Amino acid sequence: MSALSPGRTHYLDHAATTPMVDAAIDELRSRLGDVGNASSLHASGRRARRLVEEAREQLAAALGARPSEVVFTAGGTEADNLAVKGLFWARDGRRLLTTAGEHHAVLDPVDWLARHEGAEVELLPIDDTGALRLDALAAALDRDPGSVAAMSCMWVNNEVGTVQPLAAAAALAHAHGVPVHTDAVQTIGHLPVDLADLEVDALSISGHKVGGPQGVGALLVRRELDLVPLLHGGGQERDVRSGTADVAGICAFAVAVDHAVQRRATQAPQLRRLRDSLVAGIRAAVPDVVLNGPPVAAGEAARAPGIAHLTFPGCDGDALLMLLDAQGVECSTGSACTAGVPQPSHVLLAMGADDAAARSSLRFSLGHDSTQADIDAAVAAIGPVVERARSAGLAATGRR
Amino acid sequence: MRVLAAMSGGVDSAVAAARAVDAGHDVTGIHLALSRRPQSYRTGGRGCCTIEDAGDARRAADVLGIPFYVWDLSERFHTDVVEDFVEEYRAGRTPNPCLRCNEKIKFAAVLDRALALGFDAVATGHYAQVVDGPAGRELHRAVDSAKDQSYVLGVLTAEQLAHALFPLGDTAKAQVRAEAADRGLALADKPDSHDVCFIADGDTAGFLRARLGERPGDVVDESGERLGGHDGSYAYTIGQRRRLRIGAPAADGHPRYVLNIEPVSGTVTVGPHAGLAVDCLDAVAARWCGPPPDAAGGSLTCTVQLRAHGEPVPARLAMADEPGAVQLHLDSPAHGIAPGQAAVVYLGTLVVGSATIARTHRAVSV
């Protein structure tokens, strides 16, 4: 059906999912026909197990982890749930510290733990650039550190692209003996990641955000850290995660992670250049556009190279998205779709934006196959699109 | 034309969108999210604003191969339809929220936004017909009189009609269902929606009690004698016979009906069926679907429909002095007509316009 065959689009939503890299596609294809349960004892099973373990070693090496620290999951959301719930259940403390700008894969589990398991959740404030306020974390830790089960702080914000002060936050938590989890789903391939050099105890990653397949991810977790499993039934992954290993997916995932890490040093500056070109082009067409996140003066270390989050005053983000979509330019409002209804971004609200600004925003996110032609298409479209969305915004305000 | 198809997740709006595609239009599907807490509205096949309904609409758009989005109209809907509904009951009137939704949401908020975004028209699954007449576009009843929804569209102005598409107006409902099945739309056998979509359990009195509180008042007969009490006059509507909570029957043994609701005191007056008969209606806020009717001769001979599935009643329409005010003289008395209801004026199948009933007069000498 024609509706299912992708047309030629300018895909600027890589933070949602990024195309698989050829090496990962080749790897996945080459494994799909193989028989073998990695838990079986015969030759086919041993072959499957060997592939999983080689993938584990490849992935661990790419991220500075030990192979035994890699727990494969069905994606980033499961990894986040395993870390947050698994740590809470394994430890005595009732308090969970996390930030107001987390992904829903962390916010919803902690909220669930608060409602069903007696957790006391403290959503630490973020500042107007989207960064965790370390003073608030320090104050929360100082109040009875023994009662804190875990601290979870994302590494790169998925909506705005703000790089969190993760190392400093982790040091504060560790000074009180509090284990640290980080959602690094948007980090791999964009920032250098070396678990050996990083004071975190658990780190979530996802296949489809790095050029691997959807439906596979991992929690990298220190051997000495106890986690209560979410899924029981076989204990395949270190007894922390059960379920038959997705051999082909895991192999392709590891290839993609390796690929992303190896190309990072050359890709990051390219993405920055394209992103800056995008922001400059949009600013020329729409002078009152606001770039959200860290100010340019904060330097490149403060923001992810591939994300530009912009507020278009007077426009409805949903209208902008629809109009750009009609022209083949694909981006995101950055807002979660709660119960099918678009909600204003909780990240922008936590950064102090009002409801109107939060609803007037778009996220453009670039990735490994982004080109100047994609940027040019977005820049060419944005002026008329904003003008039209603005008049629709006015129409919505005027009452009959 | 670039057409925005409002898709509720029901069979009618899906087939309407399909027909707009077949007609060669460039169609985009939208589902209107009318509550930010969709579970608070009706669930299953009975509503128009649940997550399941949004999913059904999305799947229909997939089958049609058209883009699909959810538009959040929850604030406008809450203000213009839900609050209006509650306020009308507070004032002792009986509103029609579907009519208000068409007037304020589908053919105002949505249409305005659609036009501003570059669309030419909004298509819905309403059963009504728009035809080109000598003086512009005309709104007519649907061919399927059992499904005709021109009553709830009687609030549309000529300008709104100029941008409205009702692709189902020439077809019977049974055929629409069959067509949906033929087109491979999974919602072909989904039940029709009924009642007020934003009252989850169908308990209108409970919904109003939660918002208006208990407002005790008296139930009296036509002479003013107290027969009983109630917790809120909003639980009553003109013409109601059941649940009057007055215990003993009338002296003559005949059933009694709600004849009048006095909103300030909350007094509910009951009496015999004959007391419901009215033949003169004062109505306000008239809206014309085309040029204002020519009542130069003093009045216009027409028919008027007084409730969503009511029969058309022969009548004469006269313009009153105040702007937007009209008087309707019914040829024979009608019963159970409540202020707040819409009177929709027809010439044959043509919808002339509508007005909101403000006062009714008893047929004293018919």
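Visitor: Why is B:Lys147 called buried?
Guide: B:Lys147 has 20 C-beta neighbours inside 10 Å. The cut-off for buried is 20 or more. The count meets that cut-off, so B:Lys147 counts as buried. Keep in mind that this is a predicted model.

Visitor: Where is B:Lys147, and what does it touch?
Guide: B:Lys147 sits in the loop between strand 6 (136-141) and helix 5 (158-161) of chain B. Beyond four places in sequence, its contacts are B:Tyr127, B:Ala142 and B:Lys173. The C-alpha atoms of B:Lys147 and B:His309 are separated by 8.7 Å, although the two are 162 residues apart along the chain.

Visitor: What makes A:Val210 buried?
Guide: A:Val210 has 28 other C-beta atoms within 10 Å. Buried needs 20 or more. Therefore A:Val210 is buried. Its place is the loop between strand 7 (202-206) and strand 8 (217-221) of chain A. Setting aside neighbours within four places in sequence, A:Val210 contacts A:Ile188, A:Gly189, A:Ala256, A:Val257 and A:Ala260. A:Met20 is 190 residues away in sequence, yet 7.7 Å away in space, C-alpha to C-alpha.

Visitor: Which residues touch the most other members of the largest nonpolar core?
Guide: They are A:Val257, A:Leu320, B:Ala17 and B:Ala343. That core holds 235 residues. Its largest share, 16 residues, comes from helix 7 (residues 247-285) of chain A. As for B:Ala343, its contacts beyond four places in sequence are B:Leu281, B:Ala283, B:Val304, B:Leu306, B:Leu328, B:Ser354, B:Ala355 and B:Ile357.

Visitor: Why is B:His335 called partly exposed?
Guide: B:His335 has 15 C-beta neighbours inside 10 Å. Exposed means 12 or fewer, and buried means 20 or more. The count of 15 lies in between, so B:His335 is partly exposed. This residue is in the loop between strand 15 (326-334) and strand 16 (342-347) of chain B. Among its contacts beyond four places in sequence are B:Gly239 and B:His273. B:Asp279 lies 56 residues from B:His335 along the chain, with their C-alpha atoms 8.9 Å apart.

Visitor: How do you know that A:Ala114 is partly exposed?
Guide: Apply the limits again. A:Ala114 has 14 C-beta neighbours inside 10 Å. That falls between the limits of 12 and 20, so A:Ala114 counts as partly exposed. A:Ala114 belongs to helix 4 (residues 104-116) of chain A. It touches A:Ala119 and A:Val121, leaving out residues up to four places away in sequence. From A:Ala114 to A:Arg95, 19 residues apart along the chain, the C-alpha separation is 9.3 Å.

Visitor: What makes the phi of A:Asp144 worth a remark?
Guide: Most residues other than glycine have a negative phi. A:Asp144 is not a glycine, yet its phi is positive, about 55 degrees. The residue lies in the loop between helix 5 (134-142) and strand 5 (148-152) of chain A. With 11 other C-beta atoms within 10 Å, under the limit of 12 or fewer, A:Asp144 is therefore exposed.

Visitor: Where is B:Ala285, and what is its phi?
Guide: B:Ala285 is in strand 12 (residues 278-288) of chain B. Its phi is positive, about 55 degrees, although it is not a glycine. B:Ala285 has 15 other C-beta atoms within 10 Å, so it falls between the limits and is partly exposed.

Visitor: Why is helix 3 of chain B called roughly perpendicular to helix 7 of chain B?
Guide: Helix 3 (residues 74-90) and helix 7 (residues 204-212) of chain B pack at about 85 degrees, with axes 11 Å apart. Roughly perpendicular covers 65 to 115 degrees, so the pair qualifies. Helix 3 contributes B:Val86, B:Tyr89 and B:Arg90 to the contact, and helix 7 contributes B:Leu208, B:Arg211 and B:Leu212. By class, that gives 4 nonpolar, no polar and 2 charged residues.

Visitor: What are the confidence scores?
Guide: The predictor gives the complex an ipTM of 0.86 and a pTM of 0.88. Chain A has a mean pLDDT of 94, with 95% of its residues at 70 or more. Residues 1-5 of chain A are below 50, with 4 contacts beyond near neighbours in sequence. Chain B averages 89, with 93% of its residues scoring at least 70. Residues 42-48 of chain B stay under 50, though the model has 20 contacts for them beyond four places in sequence. Where pLDDT is low, the predicted coordinates should not be read in detail.

Terms used. Residues numbered from 1 in each chain as written. Chains lettered and ligands numbered in written order. Predicted model: local features only at pLDDT ≥ 70, side-chain atom pairs only at ≥ 80, totals over all residues. Core = buried A, V, L, I, M, F, W, Y, C linked by C-beta atoms within 7 Å. Helix = DSSP H or I, 4+ residues; strand = E, 2+ residues; numbered from the N terminus. Contact = placed C-beta atoms within 7 Å. pLDDT = per-residue confidence, 0-100. Axes fitted to C-alpha atoms, helices over the stretch in contact; angles between N-to-C directions. Parallel < 35°, antiparallel > 145°, perpendicular 65-115°, else oblique. Nonpolar A, V, L, I, M, F, W, Y, C, P; charged D, E, K, R; others polar.
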